[in-house]
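Here is a friendly tour of a protein model with its ligands. Have the sequence and the 3D view open as you read.

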Amino acid sequence: MITILAIESSCDETSASICADGKILSNFIANQTIHEKYGGVVPELASRAHMQNIVPVVNAALASANCNLASVSAIAFTQAPGLIGSLLVGAQFAKSLALSLNKPLIAVHHMQAHVLANLIDESNKPEFPFLCLTVSGGHTQIVWAKSPFELEVIGETIDDAAGEAFDKTAKLLGLPYPGGPLIDKYAKEGNPLAFKFAEPQITELNFSFSGLKTSVLYFLQKQEAGFINKNLNDLCASIQHTIINILLKKIKLAVKQTGIKNVCIAGGVSANSGLRNALTECGIQYNWKTFIPKFEYCTDNAAMIAITAYYKYLANDFSDLTISPTARATW
Ligand code: KG4
Ligand code: ZN
């Protein structure tokens with residue numbers, strides 16, 4: 001049996017997971033609430049919280065999977081991209097474990113892992129090739145996945161990520177960080193067509209979200225006091241509707257250009273209920289096969305690191321102890 005212990009610590013979630021022969025047995029996530037009052041992730045605080053969380057989270061993942069360190073076949077960790085201080089905690093921990101237990105080490109790319117989160121559910125996983133719209137707090141990409149290791153980015157944002165568009169517009173509405181899940185919540189009670197915000201005219205498969213933030217800001221500046229409170233649900237529904245429209249327009253174009261009709265979503269924003277519903281509807285309307293990871297595998301989690309590491313293990317793709325994390329990394 002191939003048993004992977006995986007650690008994710010790229011941003012503000014400390015997570016550990018156990019995967020046995022490609023099946024996720026546990027996935028523990030410690031969310032760092034300390035950043036809420038600062039309106040965004042404070043890197044130094046994130047690193048410190050990772051140091052406090054990592055041992056309990058790894059122990060919880062092992063215990064819940066009924067597993068111990070001796071039975072682990074390899075240790076995996078997120079090597080890039082992310083906040084360097086956060087990545088360092090997970091990387092050093094994983095390297096120390098690998099050294100002391102004399103087990104192989106597997107370095108995983110966080111964005112590859114978001115895409116491969118779609119392979120976790122054995123009963124409903126996409127065949128290769130597939131397209132994946134990866135939408136998170138730091139990235140917005142359309143990925144053409146030819147195999148677990150051949151992932152080509154065919155479109156991406158030229159400025160803000162989709163998650164940033166959610167978080168920054170939420171901030172304009174006075175909502176705490178991260179605002180994405182709150183916009184999702186209030187949008188359920190609102191009218192998506194109540195307000196109209198600018199949609200970018202970007203060519204090909206690229207995205208832009210900075211104009212939306214400015215459009216919402218100028219719109220709000222023109223309103224009288226109390227407007228946001230009175231119209232919060234409609235504002236959230238309209239902002240969410242605009243972001244989803246921008247995303248869907250490009251994924252439809254990607255399907256047209258590639259002829260691939262297996263379409264997945266991944267990343268924190270793929271937890272958005274409006275996007276999940278809209279993709280499912282597109283699937284019905286255009287005869288696509290659509291794949292949406294379970295909520296816990298959308299936002300940052302170690303299960304996606306574990307499944308990616310499992311494929312890397314099968315391909316004998318190991319790292320040695322000289323490997324270091326990097327904040328920015330291409331594929
Ligand atoms: O993938 P992720 O957990 O971390 C990164 O790698 O960035 O994504 C976090 C992003 C945040 O911007 C957060 O607001 C957004 O995902 N997010 C959502 C929802 N849940 C998380 N955005 C919209 N609706 C949601 N339900
Ligand atoms: Zn992520």
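Asp21 lies in the loop between strand 2 (13-20) and strand 3 (23-31). Although Asp21 is not a glycine, its phi is positive, at about 50 degrees. Helices (H or I, at least four residues) and strands (E, at least two) are DSSP runs, numbered from the N terminus.

One joins Ala80 and Pro81, with omega about -20 degrees, and Pro81 lies in the loop between strand 4 (74-80) and helix 2 (84-101). Another joins Phe128 and Pro129, with omega about -5 degrees; Pro129 lies in the loop between helix 3 and strand 6 (130-135).

## How to read the model

This is a predicted model: local features need pLDDT of at least 70, side-chain atom pairs count only at pLDDT 80 or more, and totals for chains, interfaces and linings use all residues. Residues are numbered from 1 along each chain as its sequence is written, chains are lettered from A and ligands numbered from 1 in the order in which they are written, and side-chain values use heavy atoms, leaving out hydrogens and water.

## The zinc ion

Which residues coordinate the zinc ion (ligand 2)? They are His110 (NE2), His114 (NE2) and Asp300 (OD), at 2.1 Å. Donors here are N, O and S atoms within 2.8 Å of the metal (3.2 Å for Na, K and Ca); water is not among the atoms, so sites may look incomplete.

In sequence, the spacing of the donor residues reads H-x3-H-x185-D. His110 in helix 3 and Asp300 in the loop between strand 10 (289-291) and helix 9 (303-314) link distant parts of the chain, 190 residues apart.

Ligand 1 has 19 residues around it, and Gly137, Asp167, Asp184, Gly268 and Asp300 come nearest; a residue is near a molecule or strand if one of its heavy atoms lies within 4 Å of it. Domain 1 (3-115 + 298-314) and domain 2 (126-292) both give residues to this shell, so ligand 1 lies between them. The domain bounds come from an automatic or database domain assignment.

A polar side-chain atom of Asp184 is 2.9 Å from a nitrogen atom of ligand 1, and a polar backbone atom of Gly268 is 3.0 Å from an oxygen atom of ligand 1. Helix 3 (110-116), helix 4 (162-172) and helix 5 (180-187) are the elements that give two or more residues to the shell around ligand 1.

Methods
A polar contact is a pair of N or O atoms within 3.5 Å; within protein, one must be able to donate a hydrogen and the other to accept it, and residues adjacent in sequence count only if both atoms are side-chain atoms.
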